[in-house]
Amino acid sequence: MWTSSFNRPETRAARHRKWLAWGALVIVLAVPLGVAAASPLLAWRQPIYIIGGFAGIVGLCLMLVQPLLALGALPGLSGATARRAHRVTGHALVAAIVLHVAALWITSPPDMLDALAFAAPTLFSTLGVMAMWLVLATGALALLRKRLRLSPRRWRRLHLPAVVAIVGLSVGHAVLIQGTMGWWSKLALSGLLIAAALTAVWRSLPRSPR
Amino acid sequence: MSSLIQTRRRLLGLVGGTVGAAALGGLSVPASAAGLAPTPTMRGGANNYRPGAPVVDRIGGGGFLMTGTVRRAGDGAPLPGQRIQIWAHTTEGHERDPESHGATLTDDEGRFTMDMPQIVPAFGQAHGHLAYDSGDFQTVFLRPVMSSPRDTTLHVDFVLQPA
């Protein structure tokens, strides 16, 4: 937290900005989680189902952190530190999705198998499974990025469209579900996620076509 | 099911078809010329099915009313004495729990009712499961979705065709 004041003393305004940005992020992520934790539906679910549901909500929250890190919008995290945090958050996102799918599989195997086979009656299942495959592919590509010697431009051309699709599919998945998430907090988180992702993608694009 | 997604084109077709079917679902018109059309089995209808659920007066403590009719395809004649199995995720248990399952028989006019615990949303939708599988007619699995999770009744119509 004090690294940014290493070179030059932190101004009062900068300190305020830092607290404001981090405070806002904590609230933006804590409210949907808190509302979900208060859902009456939890009373009628066994622990593995609750874990599965919350892993999905955490995944959606982690998705919002990614573009903020890419934008350098989180004070104290910039440059190499932000890149490392983006990578770590990416790993956490993959873990959250794997946990989401595994726990829901244990909760109701036929429903999860239908979803994975694109044979579920619910559109949100299809959207969710498509988003899952895209996240896994994006993670795999990130791990292989060096070995494949992907140029920054090449990487952008693969990563940015994937990100847009993942965010769109995930928001569709979440919004169509009647679950523990509150309607308004879900919409707010989704709106912020879309805005942050599109801003980050926009800023990552070169000014002129190359 | 894995054969459905062997190629990317197939996957895209499947996804496009799903979206298209969802969009067109509201526009479909039931067949009428050849008489009453049989009810098709719904996707996911058989999930967490347990064969041979016992005939019961009610499932658990009751409070939610599942109602329905069973008729014959073609002439629409009511079918009395038909066994309908019902299960759902409710305030008293999960779909997989044996005590969430029960069966009932249709009356002389082909109607059935089941008093059961309140259905609550599970796997993203508040829905019930019903099955006809006694063999005289073709097996049908249904998965009706409640228009609101606060509903305390759900009505389901079966139209069966001889096996």
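Colleague: What pattern does chain B follow, read along the sequence?
Modeller: Chain B reads α-β-β-β-β-β-β-β. That is 1 helix and 7 strands. Helices (H or I, at least four residues) and strands (E, at least two) are DSSP runs, numbered from the N terminus. This is a predicted model: local features need pLDDT of at least 70, side-chain atom pairs count only at pLDDT 80 or more, and totals for chains, interfaces and linings use all residues. Residues are numbered from 1 along each chain as written, chains are lettered from A and ligands numbered from 1 in written order, and side-chain values use heavy atoms, without hydrogens and water.

Colleague: Switching to the interface. How many residues of chain B are in contact with chain A?
Modeller: 27 residues of chain B touch 28 of chain A, with contact meaning heavy atoms within 4.5 Å.

Colleague: And how many salt bridges between chain B and chain A?
Modeller: The count is 0. A salt bridge would need a side-chain nitrogen of Lys or Arg within 4 Å of a carboxyl oxygen of Asp or Glu.

Colleague: What share of the buried area between them comes from carbon and sulfur atoms?
Modeller: They give 61% of about 2,300 Å². Buried area is the accessible area (1.4 Å probe) that two parts lose on being put together, summed over both.
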